[in-house]
Amino acid sequence: MLDTQAVKAPPSLLYMVKQVELVVRSKLDELVKPSGITALQYTALTVLQRHDQLSAAQLARDSFVTAQSIADLVRSLENRGLVRRERNPRNRRELLILLSEAGRALLAQHEGPVRELEERMVRELTAHQTEQFRQALTKAWHALS
């Protein structure tokens with residue numbers, strides 16, 4: 001008779017990735033909540049930090065939210081003075097979203113704690129393993145994009 005415990009399959013990679021995503025989002029929410037923003041809003045701000053002057057559609061794609069959700073998210077960030085919108089000089093019908101100085105200051109305030117969270121996540125990995133992990137995640141993302 002087979003011992004069912006011995007043949008139990010490990011969790012799928014999709015399940016494990018989702019577990020990591022959920023705990024990271026929860027911890028990130030805890031970090032940024034005192035500033036009055038959510039992890040999703042923080043993510044959108046970091047996207048603008050890397051690629052300023054995005055359309056709402058581009059920001060939605062890069063922030064992992066729907067086009068409908070980004071409208072409310074941007075409105076909330078704009079009301080707080082963390083982003084601003086300007087007309088695209090090449091397409092006057094399009095509004096571009098830019099990170100404000102207040103948005104940059106908020107990101108700077110959270111830079112250390114967020115870096116510590118990331119370091120905690122990979123604490124058990126060597127520098128080489130961390131780089132391999134980064135590369136593996138990038139390859140997985142590209143395979144599904």
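Residues are numbered from 1 along each chain as its sequence is written, and side-chain values use heavy atoms, with hydrogens and water left out. Because the model is predicted, local features need pLDDT of at least 70 and side-chain atom pairs count only at pLDDT 80 or more, while totals for chains, interfaces and linings use all residues.

## The nonpolar core

In soluble globular proteins, nonpolar side chains tend to be buried together. A nonpolar core here is a set of buried Ala, Val, Leu, Ile, Met, Phe, Trp, Tyr and Cys residues joined through side-chain atoms within 4.5 Å. Buried means under 20% relative accessible area, exposed means over 50%, and partly exposed lies in between (1.4 Å probe, protein chains only).

The largest such core has 24 residues. Ile-37, Leu-45, Leu-59 and Leu-77 have the most contacts inside it. Two or more residues each come from α1 (13-32), α2, α3, α4, β2 (91-99) and α5. Helices (H or I, at least four residues) and strands (E, at least two) are DSSP runs, numbered from the N terminus. Helix α2 gives the largest share of this core, 6 residues.

Take Leu-45. Setting aside residues up to four places away in sequence, Leu-45 touches Ile-37, Leu-77, Leu-82, Val-83, Leu-99, Leu-106 and Leu-107. Contact means heavy atoms within 4.5 Å.

Two packed helices are described by the angle between their axes and the distance between the axes. Axes are lines fitted to C-alpha atoms, for helices over the stretch in contact, and angles run from 0 to 180 degrees between N-to-C directions.

Helix α2 (residues 39-50) packs against helix α4 (residues 67-79) at about 80°. Their axes are 11 Å apart. The two helices are therefore roughly perpendicular to each other. That label covers 65 to 115 degrees; angles under 35 count as roughly parallel, over 145 as roughly antiparallel, and the rest as oblique.

From α2, the contact uses Leu-40, Gln-41, Ala-44 and Leu-45. From α4, it uses Leu-73, Ser-76 and Leu-77. By class, the contact has 5 nonpolar, 2 polar and no charged residues. Ala, Val, Leu, Ile, Met, Phe, Trp, Tyr, Cys and Pro count as nonpolar, Asp, Glu, Lys and Arg as charged, and the others, Gly among them, as polar.

## Salt bridges

Side chains of opposite charge can pair when their charged atoms come close. A salt bridge is a side-chain nitrogen of Lys or Arg within 4 Å of a carboxyl oxygen of Asp or Glu. The structure holds 9 salt bridges.

Glu-101 is exposed at 62%, whereas Arg-104 is partly exposed at 32%. Glu-111 is partly exposed at 46%, and Arg-115 is partly exposed at 44%. Glu-131 is partly exposed at 37%, and Arg-134 is partly exposed at 45%. Salt bridges that share partners join Asp-52, Glu-101 and Arg-104 into one network.

## Single residues to look at

Thr-130 sits in helix α6 (residues 127-144). Thr-130 is buried, with a relative accessible area of 18%. Leaving aside neighbours within four places in sequence, Thr-130 contacts Val-122 and Leu-125.

Ser-55 lies in the loop between α2 and α3 (56-63). Ser-55 is buried at 7% relative accessible area. Beyond residues up to four places away in sequence, Ser-55 touches Glu-94, Leu-95, Leu-96 and Ile-97.

Gln-53 is in the loop between α2 and α3. Gln-53 has a positive phi of about 65° although it is not a glycine. Gln-53 is partly exposed, at 47% relative accessibility.

Phe-64 belongs to the loop between α3 and α4. Phe-64 is a residue other than glycine, and its phi is positive, near 65°. Phe-64 is exposed, with a relative accessible area of 64%.
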